[in-house]
Amino acid sequence: MKTTIKGLILAVGTTLTMGAHASYIGIDTTGLPVVEVPAFNNYAADVPGAELFVGQTGFGSATVEAFQDGPFRLTFTYLFTEAAFENSFWYQGTELFNTSSSAYGDSYSTVYTGTAGALDFFFQSFGGGATTTVVNGANDDNVAPNFHTFWDVGSNSLIIALDDHGAGPDDNHDDMIIKITASAVPEPGTMALLGLGLAGLGASMRRRRNVA
């Protein structure tokens, strides 16, 4: 019984680990301009970890895509901002974060059930009496506003960094920083296997206590 339980738990753990490393999201970098966060960038110095973006290489004019059909989990996290304009981030027509009301670290998680292709999100900026929008899939590094895209090293995550051009084309891309993480959604069979393993483990522990 002990061997069987260990085998079940190992099988479930292996399944979840394999799913967690799948390439659910990314960008097609073919022909995209390579960009680097410059050393003079004033990435929110009061936010722990923000300085790690300085010097990081990414891409301009990128489209963030689902590399495979759903389901998989998407988590959006609002990291920080340095902007005078009011900027917001929207996913599937719903505003998730706003620089005037959201707190650093706020997150939103949902299960993506669509097909491979561009993710449905956009940034919106309000300042100087005008509202401008940059839509994923129509992100042009030569047109204001736009965003740069960076891999978050060590995880299946992307960093998208908005430049709202509120102070002109300063190329600092720190006006709203969003992290997008993709992860596996356990399949029903996997969850059933996990439940069976845990139930067996509980029964074994109860028998062990009774024998003692």
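Visitor: What is the strand order in the open sheet of 4 strands?
Guide: The order is β7-β6-β10-β11, and the pairing is antiparallel. Strands are DSSP runs (E, at least two residues), numbered from the N terminus. Two strands pair if DSSP finds at least two bridges between them. This is a predicted model: local features need pLDDT of at least 70, side-chain atom pairs count only at pLDDT 80 or more, and totals for chains, interfaces and linings use all residues. Residues are numbered from 1 along each chain as its sequence is written, and side-chain values use heavy atoms, with hydrogens and water left out.

Visitor: Which are the edge strands there?
Guide: β7 and β11 (130–135), each pairing on one side only. The twist averages 25° from one strand to the next. Axes here are lines fitted to C-alpha atoms, and angles run from 0 to 180 degrees between N-to-C directions.

Visitor: How many bridges join β6 to β10?
Guide: 6, with the strands antiparallel. W90 has F122 in β10 as its bridge partner.

Visitor: What about the sheet of 7 strands, what's its order?
Guide: β2-β3-β12-β13-β14-β5-β8, open, with antiparallel pairing. β2 (34–36) and β8 (107–112) are its edge strands. Its twist averages 30° from one strand to the next. Within it, β12 (residues 146–152) and β13 (residues 157–163) pair over 7 bridges. F147 has L162 as its bridge partner in β13.

Visitor: T149 sits in β12. Buried or exposed?
Guide: Buried, at a relative accessible area of 1%. Buried means under 20%, exposed over 50%, partly exposed in between (1.4 Å probe, protein chains only). Beyond four places in sequence, T149 touches residues including I27, F59, V64 and I160. Contact means heavy atoms within 4.5 Å.

Visitor: Now the largest nonpolar core. Which residues have the most contacts inside it?
Guide: L74 and F89, in a core of 29 residues. Such a core is a set of buried Ala, Val, Leu, Ile, Met, Phe, Trp, Tyr and Cys residues joined through side-chain atoms within 4.5 Å. Elements giving it two or more residues include β5 (72–80), β6 (86–91) and β14 (176–183). A second, separate core of 13 residues includes F53, F150, A161 and I177.

Visitor: What average pLDDT does the protein have?
Guide: 81, and 75% of the residues score at least 70. pLDDT is the predictor's confidence in each residue, from 0 to 100. Residues 1–21 are below 50. Residues 190–194 are below 50 too. Where pLDDT is low, the predicted coordinates should not be read in detail.
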